[in-house]
Every structure is written in C-alpha cells, then in structure tokens.
Amino acid sequence: MIAVLQASRYPISLALVALLLLNALPSVAHSQSEQAETTEVSEELVEEADIAGQANETVIEDVATNNDWFRVERLVGNNIQVGDFVIGPGKVELEIQPGETVVREVSVSNRISDGREFILEVEDISGTADGSQAVVLLGDDRGPYSLKDLISFPSNTFEIGLGERARIPVTITVPPDAEPGGYYGSVIVSTVRKGERPSEEGVARSPIIARIGSLFFVTVPGAVETAAQLQDFKTTDGRLWYESGPINFGLTYENTGTRHLNPYGEIRISNMLGEEVGFVELDPWFALPQSVRLRELSWDRELLLGRYTAVAQINRGYEDIVDEMTISFWVLPWKIIAGVFGGLFIIFFLIRAFFRTFEFKRKGT
C-alpha cells in the first residue's frame, strides 16, 4: 500500500489501513501487512501522524557501518518496534537555478524488524481535476511537470537494522536549459525481507510491506504563469439546516498556473445579530499546477440555535490576493424545541384545567 502525505516539515507515521494518498503529504509510516500495492494520498492527517509516529523516538548516536554513502543513527524510545517504518520529511520545497545541483536528506526509520532491505525509486506526481486527491503517483508514466530525471541517489538499495534511522542523500540536478516553472515528484521507499526482492525469479510481489514517500516540489525561477482562485465554498453535505454541530465546510480551490501554490485563510461565523461566534483558521495547504484541491474542515460548537453566516477569506498564495465567499445555514434542534413547546403546552393545559376546576367549585358554593 502506498501512502504519501503533504504539508508538513516533520516525519510522520500512519498505519497501513488508515491512509488516503497525498490535503495532505509530509512524512509517513506504514504497517507490516503483506498487501498488494495501491496508490492513495492524504494531507489532512499529517499533523496528527507526525505526533503519533515520532513520539518518544530519540537519536542517541551514530552507528558504524560498512557503507560510505549514507549515515545511520540508532534510535531509542517507546515506538521502536511497532511494525512499520517512517520516512521524512513528507514534503520538500526547493527553488533551484538552471545548472545548479542541490543535495537534501530523506530519513528512513526501521521499526519493523532486522533483516530488512529498503529500495529507493522516483515517481512523478500530478493533481486531479475533481479535488478528490491531493496527489496521484504516476508509476512508470511521466507527469506533465516531470522530476524523474532530475533526482538521483548513490545507490537505490540499503539495509538498516531494527531501531536504526538512515539519512539518505538525495541529489537534485536542474539542467542548464531547464524551463522556468514547477517540477514535481516523490522519492518512494519500499521494503522487503532481505533476500526476497520482487525482481528475483520465483518471488511473488506480495513480500513488499509498503511503498511510502516524500514529496519533492522543485521550482525553477523565471517567468511562469501564476493563476488560481477559490471556486466554491459550501457545507460538505450541501445541507442548509442542522439539528446541531459540528458544521462541516468544504472549500474548492483551483490552480490553473504552471507552479504549485500554498493557499491559506480563515472562516468567520456570525449569528443572526451579526456577532462573531466562531473562527476557524486554515493553515497553508498545497495545490499542484492544473489541478483542483478540496479542503474540508469542521466547526464544532455546542448550543447552536438560529441562522448563521460563514465568511471564507482565502489568500490565493501569491500577490496577497484574497478571495471571499459567504454562505448561510440554520441550526434548529427541533427535538429540543419540540420538547420545550410540549412542556409549555402541558403546563398551560394544567394551569387552565386548575383554574377551570377552581371556577367550577366556586360556582358550586
């Protein structure tokens, strides 16, 4: 199973069955299920996964190894043998001049077992036209903004023991004649038991535990087309009436330019009196060129009643241009309201019956 997560500067960890492929990619972890490969991505779970994957995991020393092309560190903590491995960072953003070479590190932590071989690959990525996924891995296909030929490693395989972290140098070389704009890909790490490479004759593909990756966004400066806008703002289920919170919103952002953008913004909610009763901050997320991104978020507050207005203000991520959209919705907890009116009716009926009985007895005397 592939998992690639966005928008974080730190390594993150996710269980195999919990992931959606790249709102969302930064560092990732994968659990030890012997499954066939798929391609999924999530951006929104990155922050939580970062915390879960690296909690109490500390580097204590470098490890002496026979290799001369990457550094190995020994880890200590409560999450050393949890049946997964972690890579990071989840996303690397670089601006590189034509003809320039830059080296960055990708870390891989082995929390599965000893006797693991790790394999490095590069795949191009793209966005989607419907916003359903932050990123799509393209496998052997070449993307419209291909980074495949610009990334290299000293070797495409390495071994580390349980509780060790490898610091892998990744070299990005931009040709002197490179066109200005964005180039996008992912460094994919997969693992097998030592001696069970899927390329070996007679060995099935199932020994691969996971393929997870770190996104690389490379920008070559120059004259590029930058264009984007907030397309839509609505409740995610299209409802205009709720019984209670939380209220879920969806923002659709379209990037029609030739480089990725990092929009950000806020949502302010006001009641019928115009008083601000809610505020949701939107941290920067990314949108690849020629793609649509759906950003979902939730506003959860108790004791809501009446008509509310939500105003989204989204900075496009360039030239300080802000798009604004407004929606309205109602919150009417009809069960509570019906209960209150039912109680009032009963009280009114009892009071009326009491006075009628009292009047009847007075006339009878």
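Analyst: Thr-219 counts as buried because its relative accessibility is 15%, where buried means under 20% relative accessible area, exposed over 50% and partly exposed in between, computed with a 1.4 Å probe on protein chains only. Thr-219 belongs to strand S15, residues 211–220; strands (E, at least two residues) are DSSP runs numbered from the N terminus. Beyond its neighbours within four places in sequence, Thr-219 is in contact (heavy atoms within 4.5 Å) with Leu-94, Glu-95, Ile-96, Gly-181, Gly-182 and His-260.

The model is predicted, with local features needing pLDDT of at least 70 and side-chain atom pairs counted only at pLDDT 80 or more, while totals for chains, interfaces and linings use all residues. Residues are numbered from 1 along each chain as its sequence is written, and side-chain values use heavy atoms, leaving out hydrogens and water.

Elsewhere, an open sheet is formed by three strands in the order S16-S18-S21, with antiparallel pairing; two strands pair if DSSP finds at least two bridges between them. Strand S16 (228–235) and strand S21 (291–299) are the edge strands, each pairing on one side only. Strand S18 (residues 247–255) is joined to S21 by nine bridges in the antiparallel sense, and Asn-248 has Ser-298 in S21 as its bridge partner.

As for confidence, pLDDT, the predictor's confidence in each residue from 0 to 100, averages 80 over the protein chain, and 73% of the residues score at least 70. Over residues 1–28 pLDDT stays under 50, and over residues 31–56 pLDDT also stays under 50.

Key. Helix = DSSP H or I, 4+ residues; strand = E, 2+ residues; numbered from the N terminus.
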